Structure formats: structure tokens, C-alpha cells
Amino acid sequence: MEFVIIAVAVVVVALLVGVGLLVGRGRRTTRLDEGTTAPTLTRPRPGDDRSTTPPTTPPTTVPPVGTEDLAVPPVQLPPAEPEPGLTFDVPPPSAGRLVRLRSRLARSQSSLGRGLLTVLSREKLTEDDWEEIEETLLAADVGVAATTQIVQRLRTQSMVLATGDGTALRELLVSELTAVLGPDLDRSLATDRELDRPAVVLVVGVNGAGKTTTCGKIARVLVGDGRSVLLGAADTFRAAAADQLETWGERVGVPTVRGPEGGDPASVAFDAVRTGREADVDAVLVDTAGRLHTKLGLMDELGKVKRVVEKQSPVDEVLLVLDATTGQNGVVQARVFTEAVAVTGVVLTKLDGTAKGGIVVSVQRELGIPVKLVGLGEGADDLAPFEPRAFAEALVGG
Ligand SMILES: Nc1nc2c(ncn2[C@@H]2O[C@H](COP(=O)(O)OP(=O)(O)OP(=O)(O)O)[C@@H](O)[C@H]2O)c(=O)[nH]1
């Protein structure tokens, strides 16, 4: 009898120590950025070539998807401290980024904003001038319905205004553009931790849209805002994609859960969310493989990734990453993705590389899904929360 009691006591103590270690490890990972005063990271490490060197943290091996099989072995989180001689990046806060990055919209600004202002400031606007305004808006991918609305309102307002004054016309244009950008839409990112679990964000889109980059940039935004993050590399098609994501994470001390190349993406996503729960992080960001919206099998697979994750946690945000340079095709993609996984927000990337900034308007109007973030460059912090008024001002310039 005595022996049994001792054995039970030993098991209980071992369990408590185990749980303590896990929680402690999680807590440490949640505050990786704390106390870092050095401004930038000294990465890559000397001699580190990611294409040939395996990641410092051994990849997490994930069992084949077994949605039923919830008892997968615990995942090892990477060390909480940067390696000797390294410091983590300290990303700037996200607030006000759109204003700081406004010059990146130069191409849209010169073709859309300046084009419209030039015509509007003509002394007496003729029918040809109004047609020119209409064409400018359509060429910038604003879409037919929004173009009609803007032109009608500009006609009325400019008559009321009856002035060639540049400042007044600029203000008129900014407010009409803001109006079609949906200033009242809720653009908050659901990345706040719930009482008992992390926020879960799924990032989806076609190949090359900028999903992995966006995941990395969002992780930086969250770390910059003082949150703890875990990344899930559910793009198992390309090992390079998981490496890329891991590198983004490493720069700000965020761990990545990954699986074997060619493994089941749903399994990796599931494992990432489970690890995030165990480690008490604020948010888990899951990157998925690029897929053509026309490939039914791949769209089904995406639906499965979401369903499997939902076995253990609601998915709070499904972000569709759209490449702004693909124009109206983005709207078609968005429709199909929304049917597969109920998209809650759009990230419009590569707005720095297009003159068609008006795509923001058509995506939102045709889908009723808010653009929440915009990508304005390849730099690590070139992702900005979307703000209609600041965007309209950046387009008009001046
Ligand atoms: N100029 C610019 N380039 C961007 C932006 N966002 C992403 N990119 C670039 O787009 C390219 C593709 O980005 P990825 O993040 O690898 O795209 P992905 O969607 O994960 O690609 P797949 O995994 O192949 O589907 C990279 O060269 C990025 O640097 C942006 O806002 N502006």
C-alpha cells in the first residue's frame, strides 16, 4: 500500500514539474522582445546560408493528420533567448505607417490622384473632361459602380464649390475617394488573445501573392505591439516556404512550427495551434500554400485545414492575400476563396508596384470584405493597417 502511495506521489510530482517547464518555456517565448535595446538584428549569422544550412531548431515532426488523434506529443519550442552575439529586431509600432509609407503609392498617385486633380482644376469642365475623369478612375481599377458614384458626386460638389482653388478641390477629391473606400468598415485584426486561448489567424491566397511575407510582417507588427506570437508553416509544398517563414520569425524571436516537406498541411496547422495554446501565446499565424482558385482539390484542402484547426480552436481571422498588380482578377479569386474558407479580411500586397490603387475600392465593394492591411514594399516593416482617409490623401498627394 505504502509503495502505491509513493508511486502515485512520484507521478504527480513529475507531472507538475513537466507542466511547469512547459508553461515556463511558453512564457519565456511570449516575451522574447522584452528588454532588447539594440536597434537591429545581426542576421544572417556569419556563415549562415539558409539554402544549405538546416534550421537551428529541429523541425517539429507532425504525425499524419488525425483530427481524431488529439494526443500528439508535445512540441519543443526554440530557446527563448537570442544566441550569443545576436539580438532580435525591435519592429516599430504599426500605428501611422500608411502615412509614413505614402510615397510608396507614387505610381497610383501620379496616374489617379494627380490625373484627377489636373482635370478638376480646369477652369470650366466640359463633358470631355468628365469623361476623362471617368476613364482615369476606371483605369485605376476603381470599378464601374464606384466610378459612377464618384463622378456624380464630383459633378454636384464642384458646381457647389464653383472654384478653381487647388486646396478646396483637393479636399473635395479626398473626401469623395474616402467615401467610396468604406470609412465605416471594421478593419480591426482579430489578433487579441481570448481568455483561455490564442487568437488564430489563417493566411490564404494564390501562389506568389505574398502570403509568407505577409505572415512574417504581421508577426513583426504584433511583436512590435508587445504581443507574443507563434507561426505555423502549413505550406508544406515548398520547404523553402517554411524556411522563409522561420527566418521571419527568428528575426523577432518568434518560433515556427513546421512539418515534413509534402506532409499534411492540416496536420501542421493543427499542431501549430495546439502548440500556441500550450505555450500561452497571444496569437498563432498559420501560413498556407499558394493555390490557384480554379483547382477544386486544392480549395477543398484549404477548407479541410480550417476545419481541422477548428477541432481545437475557432479561427478568428481568415486573411486573403491579394496581389494588387493582378487587378480585377483579384476579385474573382476572392470570391472563390471566400466560398472555401469564409474570408474575414483582405491584405492587398504590392500596392507600391501598381498604378491601380483603385483596386481597394472594387475588392471591398464587390465582396463586402474589408481591406485590413496593405503591402507597400518588400521591406520587413512595409505593411500598414489600411486607413481610408490616409489612403485617399496619399493617392491625391500634395
Ligand atoms: N513590392 C512588393 N513586393 C512584395 C510585397 N509583398 C510581398 N512581396 C514580394 O512578393 C514575392 C512573393 O512573396 P511570398 O511571400 O513568397 O508569396 P507567397 O504567396 O507566400 O508565395 P507561394 O508560397 O509561392 O504561394 C516576394 O518576392 C515578396 O518580397 C509588397 O507589398 N510589395
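Ala 342 sits in the loop that joins helix H11 (329-341) to strand E6 (345-349), and its phi is near 50 degrees, a positive value in a residue other than glycine. The structure is a predicted model, in which the chain has 13 helices and eight strands. Of the 398 residues in the chain, buried residues make up 46%. Among the contacts in the chain with a separation of 6 or more, 80% are accounted for by residues 24 or more positions apart.

**Loop residues with positive phi**

**Helix H9**

- H9 is mostly covered, with twelve of its 14 residues buried; the buried residues include Pro 265, Val 268, Phe 270, Asp 271, Arg 274 and Gly 276.
- The buried residues of H9 pack against strand E1 (199-204), strand E2 (229-234) and strand E3 (256-258), and also against E4 and helix H10 (296-309).
- The length of H9 agrees with expectation, because its 14 residues should span 20 Å at 1.5 Å a residue and its end C-alpha atoms are 20 Å apart.

- The domain assignment of the chain gives domain 1 as residues 94-181 and domain 2 as residues 199-387, and the C-alpha centres of domain 1 and domain 2 lie 32 Å apart.
- The contact between them takes 19 residues from domain 1 and 25 residues from domain 2.
- On the side of domain 1 that touches domain 2, the elements giving two or more residues are helix H2 (97-100), helix H3 (106-120) and helix H5 (144-161), and H3 provides the largest share, four residues.
- By class, that side of domain 1 has eleven nonpolar residues, together with four polar and four charged ones.

**Surroundings of the ligand**

- There are 20 residues around the ligand, of which Gly 210, Thr 212, Thr 213, Gly 290 and Gly 375 come nearest.
- Helix H7 (residues 211-224) gives the largest share of the shell around the ligand, namely three residues.
- The residues of this shell divide into eleven polar, six charged and three nonpolar.

**The annotated span 370-383**

- An unreviewed UniProt entry places the feature "domain: SRP54-type proteins GTP-binding" at residues 370-383, and this annotation may be inferred rather than shown by experiment.
- In the model, residues 370-383 are 0% helix and 43% strand, and the end C-alpha atoms of the span lie 16 Å apart.

Key
Residues numbered from 1 in each chain as written. Predicted model: local features only at pLDDT ≥ 70, side-chain atom pairs only at ≥ 80, totals over all residues. Domains from an automatic or database assignment. Contact = placed C-beta atoms within 7 Å. Nonpolar A, V, L, I, M, F, W, Y, C, P; charged D, E, K, R; others polar. Near = placed C-beta within 6 Å. Expected span 1.5 Å × (residues − 1). Buried ≥ 20, exposed ≤ 12 C-beta atoms within 10 Å, placed from the backbone.
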